[in-house]
Structures are given as structure tokens and as C-alpha cells.
Amino acid sequence: MTESALALSDVSFAWPGRDGFSLSCPSFRLAAGESVLLLGASGSGKSTLLSLVCGIVVPTRGRIAVGGIDLGGLRAGERDRLRAERIGIIFQQFNLLTYARVADNILLPLRFAPKRRARARNGPKEAARLCGALGLPDGVMRKTAGRLSVGQQQRVAVARALIGAPSLIVADEPTSALDTATQDSFLDLLFAQVAEAGSSLLMVSHDERLGQFFDHVVRIEDIVTTARVAA
Amino acid sequence: MILRLATQSLMARALTVGMTVLAIALSVALFLGVEKVRTGARASFADTISGTDLIVGARSGSVQLLLYSVFRIGNATNNVTWKSYQDIAARPEVEWIVPISLGDSHRQFRVMGTTPVFFEHYKYRGGRSLGLAAGHGLESLYDAVIGAEVAASLGYAIGDPIILSHGLASFTDHQDQPFRVAGIVARTGTPVDRTVIVSLEAIEALHVDWQSGARAGQVTPAEVIREMDLTPTAISAALVGVKSRLQIFGLHRWINEYPEEPLMAILPGVALQELWQIVGVAETALIGVSAMVVVTALIVMMAMILASLDERRREMAIWRAMGAGPVTIFGLLALEATLMAVAGTVVGLGLLYLGLAAAQPWLDATFGIWMPIGPPTLREASILAGLVAAAAFVCLLPALRAYRLSLADGMMVRI
Ligand SMILES: Nc1ncnc2c1ncn2[C@@H]1O[C@H](COP(=O)(O)OP(=O)(O)O)[C@@H](O)[C@H]1O
Ligand SMILES: [Mg+2]
């Protein structure tokens, strides 16, 4: 069996504060090179799960391994480093530092990940290649990110996630800010580049229609139980 | 790249950042301005008199004597009789002695009666002598030699007639005895620039018709006065130079114990020190106030950074998601604060020099304080460096808060 790009076992987590939202995930696995769509309604804990996977928040219990490395065994700084090296992240929207140039946005994760930087070899050149492949106009690299349309910003976010070919791409409803026509072309481009980089893809969404593009579709309620303690 | 991003982030918030920078700049300009004026005033005062070993006057306070005899500030409460003056002049220790008689004025400037030796022995700024920019010294009875500032602000040239006034700020003129501008002293940056110098005899001549402050009925014609014996009966003070510095204290003692009249001799340097002690309190208060202004500006900056954090949570989440650790977030905010402080310092220095350039002539004219415009001194530079360090320190709080927020938000900030 191939090494898992991502493996969760016995994980539980609770947000501090009055909402008291808590979640537990007995088992979840994502194989290397696989693409999985995680479906769930709004508020079902999808983003929380991704925060856990990315090591931005720490589970109270259980084991999360990215590329075989247990996040629980790492210190905070090492977790940040692992995230930079191995995970490309695409948010729903407002992905970019709007005041910075597109080039700087794309190259930002490399700043924190020397191995990934080495893999990308010539960073600016690779960034330009990705921009071209994702159908962004020429000269976009020098533009200020905030000036781009939402669709263009999302594609820049894809380029940023893919630069240096991290082994896992995590996307949190990246298409929900786009209209249906753009959604499809966006996903086509995303999949082409993910395949080229050989990365695994974990995307969360509430939109069942997207299922057709993925290797597997998983409903969040099948892998995660959530609770909300009224305070 | 981080530096560039931090700068761009600041640029994107140009208005608030600009206001903060301006607040810092103003506080820096104020603080350094106070510092410059303070050291400038000290240097200027210290430069006013050199080469004079003792100043002699009627017994009063030493600071008072220094102020009226050298700086033309305040008044002599009592005079020194001509007899005492001659007794001192006759002492073997005395190398030279210059009498000074004050009390009259011309417009806003003071009149000083003295002898031509004044021009020989009065030294300023480390031993420099007075030089004439035009004309000649005191030769005839109604000659007046005026300071550079007097000439400049009243527009006088050699040969112009001038009327002196009795007392200070009075409306009684010595109309019947006009003087003539005989010479103009080259600019010195000392109170001499604002003084009208006449001979001791001229002061005597002016007061021939005056008895204890009131004008007598008749007016003595000038021709008659010229023939009179104009040896003064009293003077305000005298500057003394001794033959050997070792003799200063002996003479000092002799004058203070002079039996015929209560006299006082002061060493200019010592009196100046005393003056600084008095002024020191005000100086400290001024420095304190301007330091508070600097602290206020730093707090303004901190408040501004804190206020911006909420709207920048998204930005922080992006940095975190890209792999930036808390140290980076922390460093980013510290960098922003430092950049603002540096910008504020640079703008503040610019404002300071602009202000100095604008205020220099006025300070010189009004207070006789000549402020040289030079690069920041080591002390000022270290104050500025301290300010930048304080700015970096002050942002610890916002940085800590940013880090906490980024932890609590997870990676998806809800908007
Ligand atoms: N930063 C947070 N702090 C506290 N509670 C949070 C935070 N983020 C999310 N939650 C809680 O977790 C619940 C699930 O949110 P989320 O994971 O964003 O769901 P989804 O992404 O599926 O819409 C929310 O309803 C909220 O109560
Ligand atoms: Mg979500």
C-alpha cells in the first residue's frame, strides 16, 4: 500500500469559547496522488477539519499525519515549517495579500520552505509558468494582487498553492465565489496542474455537483461527528 | 521580500500610517528642537565672554551682575563710584580694566557707555576680538558705535544721527544732544550686536541737566558741555583682566572686602554655572514635557497598530497559512513599527532643520542665541536610535495580540 498523503485517527478537537463547537474524526485517509471532495453543509466543521490538517490548530486528542509525519510530534515552529514545505492552501476567497504584487504572493510560501524553494528551482520563472498555465494574462506577475478580479485572484491562489509542487493541496470551497461557468474552467485548470505536480488534493465544498471531477467523494457526516455544547 | 511586503502594507494604509508618522515626526522635531535650543543657548551664553577674569559691580547677586553687565538683561541696582573704580584700577594685579555704564536706551536697544579700551579687551567665542564692519571707533564726544543688529534692524549707516532715550523704555529723549553713527561692529552673535556703544563721557554729558532722575529746568548748550569736565561720578560695572591667573583669587577677595563701598567681583565662568543651575530646573521641565510628547506619539502608534489588527486578521491568517510562524508575525509588526519610527524620525529631522533655518535669524535677533545648523550630535543621534528601539519595544503588545488572534482564528477567518 502506498504511503498516505494524509491520515487522521481518533482525532478530536473543540474550539475554545462560547460556541463550544467540537468535532471528532475516528479515521480518515487520503492516498498519495488521490483527489477527494469532502461534502458538507455550511457550519458542519469542514474548515475546522482543514485547520487541523494544516496544523494551524492542534487536536486535543488523536493523530494527524501529513506525508507520514505526525503533527503531534512536532513543535509549533516545526509544524509551521511542515505546512510551508508540504501543503498548498487555497481559501474560499480573500486569498491574497492585496497590497502586494502577484509575484510576491505566489513566492510567499517559498520564503518559509527552503526545500520547496529548491524544488521550484527558479521561483519567479516557475511562478510565471504557472500563471500562464492557469490562463492568467501576460504581465500579471507585476500587478498588485488587489487589482485583479475575484476569478483571477483565485487562480493566483492556485499558482501559490502549487509552486514547488507540495505533496498535499488543501482547498476550502475555492469555487464558491465564482459563477458556474468560471467554476468549471477553474477546476479543469486546477486538476491539470495538480496532476502535473503529482500532488494529492483535498477539497471541501457544499456543492455536490463538483463530485464528478474527483476520484472520491466523502460526506463529512460519514467521517466526522460534531457536537455543540450550549453554554 | 518581507521588508518589501511590510513597506507595501504600510503604503496601502497610507492615510493612517501617514498621520502616525506625522505625530512621531512632530514629537521628534519638538524634542530635538528643545535640545538644540538648550545646547545652543548654553554655547551662545558661554561664547559671549572670554578673556575677562573678573566682573566688578555693586554688591548684589552674582547672576544678576553677570546678566546686566554682559548680557544686558535686567538692571544694576546700585552703581560703583568712580573712586572705587580708580582704586581697583590702581591695584598691582590689574592688567586692564574696562568701565561700563548702562541705563539709557535707543529704541529697543540698550546704550552702553565705556572707553575705547573696551574694543581692545572685550573678547568672545574663545578669544576673538571685536572688529569694525564700517567706520571708526569712539573718537569725539557724540560718536556712537553700533552693533550689527542695531544697524540692520534700524537701517543705520555711518554718519546717521541718532537720539538716545533716558532710561529704558522711556519717552524722554535726549533730544538736545544728538549722536552720530561713527562705526558699526561686525556681527559677533553676542549681545554687542544689540548694543549702542558711546563713551563714558557722553553718558555723563547726557545727564548734565538731570538731577536724580528728573530733568532740570534749563538746557545746557552742547558747546558748553564740550568744555566741561566730564569725568563720571559712577559706573555700573567693570570688566577686569589680571596679569597672572594666579592673582584672580587675591584680587577677588580684595574687591569683596573693599571697605569704602559694598562691591562684588565675580568670575564669569562660575556665575555662568550658577545661572545654569537656576535655568536647569526649567530646562529639565522642558525636556520632560517634550519627552512626554514623544511617549504620546509612540502610544498613538501603538493604538494605531492595535486598531488595525482587527481588520488585518485576514492578512495574518494568510501569513500563517503560508507557513509564517509566530516569530514572523511578531517580526512583521515590529518591522512596521520600526519603519514608521524611522520615517517619523527622518521627517522630524527635516522639520527640525526647516524650523531651525526659519527661526535662526529670529532667535539671534530676539535672544542673541546663535544656533549653528549642523548634523545631529552623537547625543541626539543616540536619542533618535533610542526612539526607534522604543518604537520596536512598544509594538510588543500589538504583536503579541496579533499572534494570539492568529492562533484563535485558525486558518479560516470568518468575516
Ligand atoms: N476561530 C473559531 N473560534 C471558535 N469557534 C469556531 C472558530 N471557527 C469555527 N468555529 C466553530 O466551528 C463551527 C464550524 O465552523 P467551520 O469549521 O467553519 O464550518 P464550515 O467550514 O463547514 O462552514 C462554527 O459554527 C463555529 O461555531
Ligand atoms: Mg468553511
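1. In which sense do β6(A) and strand β7 of chain A pair, and over how many bridges? β6(A) and β7 (residues 168–172) of chain A pair in the parallel sense, over four bridges. Two strands count as paired if DSSP finds at least two bridges between them. Within this pair, Gly88(A) stands opposite Ile169(A) of β7(A).

2. On the basis of the note: this is a predicted model, in which local features need pLDDT of at least 70 and side-chain atom pairs count only at pLDDT 80 or more, while totals for chains, interfaces and linings use all residues. Residues are numbered from 1 along each chain as its sequence is written, and chains are lettered from A and ligands numbered from 1 in the order in which they are written. Helices (H or I, at least four residues) and strands (E, at least two) are DSSP runs, numbered from the N terminus.

3. The β6–β7 pair belongs to an open sheet of five strands in chain A, with the order β6-β7-β8-β3-β9 and parallel pairing. β6 (87–90) and β9 (216–219) of chain A are at the edges, and each has a single partner strand, so one side of each is left without a neighbour in the sheet. On average, neighbouring strands of this sheet are turned by 15° against each other, direction ignored; the axes are lines fitted to C-alpha atoms.

4. Ligand 1 lies between chains A and B. Its shell has 16 residues, the closest being Trp15(A), Asp19(A), Lys46(A), Ser47(A) and Thr48(A); a residue counts if its C-beta atom, placed from the backbone, lies within 6 Å of the molecule. α1 (46–53) of chain A and α14 (396–409) of chain B each supply at least two residues of this shell, and α1(A) has the largest share, three residues. By class, the shell has four nonpolar, nine polar and three charged residues. Ala, Val, Leu, Ile, Met, Phe, Trp, Tyr, Cys and Pro count as nonpolar, Asp, Glu, Lys and Arg as charged, and the others, Gly among them, as polar.

5. The contact between the chains takes 27 residues from chain A and 19 residues from chain B, where contact requires C-beta atoms, placed from the backbone, within 7 Å. On the chain B side, α1 (2–12) and α11 (313–321) each supply at least two residues. α1(B) gives the most, with six residues. This side divides into 10 nonpolar, five polar and four charged residues.

6. An unreviewed UniProt entry places "transmembrane region" at residues 12–34, 285–309, 330–363 and 383–403 of chain B; such annotations may be inferred rather than shown by experiment. In the model, residues 330–363 of chain B are 100% helix and 0% strand, with end C-alpha atoms 46 Å apart. For residues 383–403 of chain B the values are 95% helix, 0% strand and 30 Å.

Methods. Contact = placed C-beta atoms within 7 Å. Axes fitted to C-alpha atoms, helices over the stretch in contact; angles between N-to-C directions.
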